[in-house]
Amino acid sequence: MTEKAKPASGGQGPRSRKFASRLVQYVLLQAVIAALVILALRHPLPEPPARYLVATFALSDRGAAREVTLPAFVPSRSGMNDPAVFTANFTWTRGETEQAWSVYLPRFTNGVEVIVNSTVIMDSRRDPSANRPDRDTPEIAVIPASLLREGTNELVVRLYAWEPISGFLDRLFVGPDDVLRPYFEQRTLWFVTLPTVFSAWQGILALILIVLWAVRRHEVAYGMLAGAMALGAAQTFLVTVVDQPRHPELNATLIASAPLESGFILGFAILFFARRWPRYATLIFVPGVLVVLVGLFGTPLALRTTFMLLGIPAIGVNLLLLALVVGWSELRRQDVPSLMLGCAVTILIICLAHDLLMVAQILPDRRIFFSRLSYSVLLVAIGAGLTWRFANALNRVDGFAAHLVIQLREAEEKLRASFAREQEQARAMALARERTRLMRDLHDGLGGQLVSIVALSERGESASGIGDAARAALKDLRLVIDSMDDIGGDLMLALGTWRDRVAAQLRPHQIALDWQIAPPGLPVHPELRPSHVIQIVRLLDEAVTNAVKHAGAKTVTVHIATLRDASGPYGCITVEDDGQGFATASDGGSGRTAGRGLRNMQTRAARCGATCEVVSGGAGTRVRLTLPHRFPESDAASG
Amino acid sequence: MTSSAEDIPAHDISILLVEDDPPTNWRLKDALEQAGFDVAAAMTLAEARASLDRRKPRVLLTDLQLPDGHGIELIRESRARLPDTEIMVISILGDEESVISAITVGATGYILKDAFPTDIAATVRELVAGHSPISASIARFIVRRTQSAAEPPPGPPLNTTKLTPREIDILWGIAKGFSYAEIASHLGMSKQTVPGHIKSIYRKLEVHTRGEAVFEAVQQGLIKL
């Protein structure tokens, strides 16, 4: 029994002491359960009033005749043709009551024929469940009123007992049906209906476990339990017909499948609780398989013999091993399924021991087997344990999900922080780039002009020269400041400001500004950067400055328009003067300066993806700036 | 912006010039006097206040950063006490914000410190004739404020709700460099009415301070200058 589950204790620390105390608790609990079961088993089953008891029979068994008092045993026999015949008399009086009378047989093995006044009124061999010696099926038969005679009536019971089980006939009662039937119904409830209900439960468990195993193939434990449950359910509901079974071998095999079933349950427990498969564990299936093989290929007698000699001890051994495995698991883990299963196994072992002792005649034998009924307890424990495990798994899944959510949130926060950091870095980099550009712009334009102011003043140059240089410096400063302004990609806004400046620049030179815009002006370029704007405005400044300084023009015309080609709209700005023009190839001073300015303009145009053409002649100079469809993204434009 | 309606003789126009930087003060004074205006110059806020009371000038031309105070205060006082005086601020380059701030307390014009002398005189004359000057960048600054944005752009607070869609269209045109003639033809109006609209726009941007809170807000905007 479970009491033998001794821990392989190592040290003497508080851990092993705790383990020992747990062991004691567990063993005590099992002992209490065992005691309660024994008490219940010793409690006699209720019987009808003794006045309806028919106790004394004349027995004719294999030619020998003797007087017996029930309960009585007869040796088992091989055939159906030679039953033991019990004969007795009972008295019936018409006047007593008008009720129906019955013969009630609480228990017998294996089959009975009841004959009243030479007429067969009942043959238990037609009742499949009555043919199963492991089921304690009672029988009741109503005696047809026409058969009853006033006074003494003859009652004959033919007892059939097939090997290897000896025949048994418990005390039987003849009396009014309404008195006897409640006792019969009670026994039927306990020994027929309840086991059937539990077998149905076993069938459902089998189905659930098969589905479970089909979905989770790696959980072999569930496969094993599914096998056990399926075998149990099948053997219950399979009809046992004595005379002409359709597949006698299969039938017999299923009935004898209990050892295999117990092996499967043990296998399940090993996998479920120990979580590993010991090397010799496969041996637990050997007895079961042997019994099945005998059932398939041997005679019914050989099957019964094998079952009795090998099958039942195998069941016992399996149960003991099961108790050890479950007890060990309960001691190690202290979870609900092992505790429940442990108690159920204890009950089952006590019941099986009781049944075996009874068969061995050590206990008073009334041929009432409790093993099957107690197996129901194991089924309930298995069902409850599995449900507990399942609910726990769900809880773990919930916990895991919650844990995941927390982790996800943490990861998200980290990501957000790093994203913010990256953004901050990108912003800082953009800012640094812009600052660099601004410094370069100030240095290149303003710096150069201030240096030339210093040079001019040191040379004692005229005030107007210095003024021009200072004015140019101011203009450049304004240009740099303007370029910082956000114009939302609309170059027109930058040109609007530039117009004001050009008008102010041309006015003292008496040059008219003819500003022409072909509505709606220029297309909007979201990709336009301050560096692009500054290049374009400097280029245009250069064109206007050339017109002022070298051309002697009267009018400067600025024309702004949107043109269109296959790839879409693009802007075009033309600066035209009516001056004398310049020859690009001439050696003249103005020509050379203009030539340098020209190269400058080309470079600036190239930096923002634009093209600049300059046409100069006697009638004036025309600078035509063609803007790209899309301004280049790169910072190459700066400088 | 060519001078058109010019009825009042220049010597009848009295100007109070408030500028603490002596070279700029001299330069502006020379430019205006050469154009024939009657100019009185002040270097500090205190001088300016005294002169304002005494002379009641037709035009007040003031810098914003003064040694003993802020030009904005002077503009407010002048606007309150001398409603007929045209007020101009002296602006340096790229500081549309200070011009706008001055407009919100009652200025209707501005002069660039480095403008050519002829332009300075012309601007004053135009203002007296009712034509307020406006640059593309100032127009741009104002229209930007009319666009609803999630985050207000930097600079002084500006209430543009009173501007009509037509006035906003005019500002857009100016910001993009269209001429008054082009704007007028595009909007189906007379070219001569455009400058008048500018002054009306300035007037609408003026904050009529009923409480110190608004002034504080303006001040807040100015502190950043």
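Predicted model: local features only at pLDDT ≥ 70, side-chain atom pairs only at ≥ 80, totals over all residues.
1. Five strands make an open sheet, in the order β2-β1-β3-β6-β7 (chain B), and the pairing is parallel. Strands here are DSSP runs of E with at least two residues, helices are runs of H or I with at least four, and both are numbered from the N terminus. Two strands pair if DSSP finds at least two bridges between them. At the edges sit β2 (38-42) and β7 (109-112) of chain B, each pairing on one side only. From one strand to the next, the twist averages 20 degrees.

2. Now look at β1 (residues 14-18) of chain B: five bridges join this strand to β2(B), and the two run parallel.

3. Angles run from 0 to 180 degrees between N-to-C directions, with axes fitted to C-alpha atoms, for helices over the stretch in contact.

4. On to the two chains: 18 residues of chain B are in contact with 19 residues of chain A. Contact means that the C-beta atoms, placed from the backbone, lie within 7 Å. On the chain B side, α6 (136-146), α7 (165-175) and α8 (180-187) each give two or more residues, and α6(B) gives the most, with three.

5. A note on reading the model: local features need pLDDT of at least 70, side-chain atom pairs count only at pLDDT 80 or more, and totals for chains, interfaces and linings use all residues. Residues are numbered from 1 along each chain as its sequence is written, while chains are lettered from A and ligands numbered from 1 in the order in which they are written.
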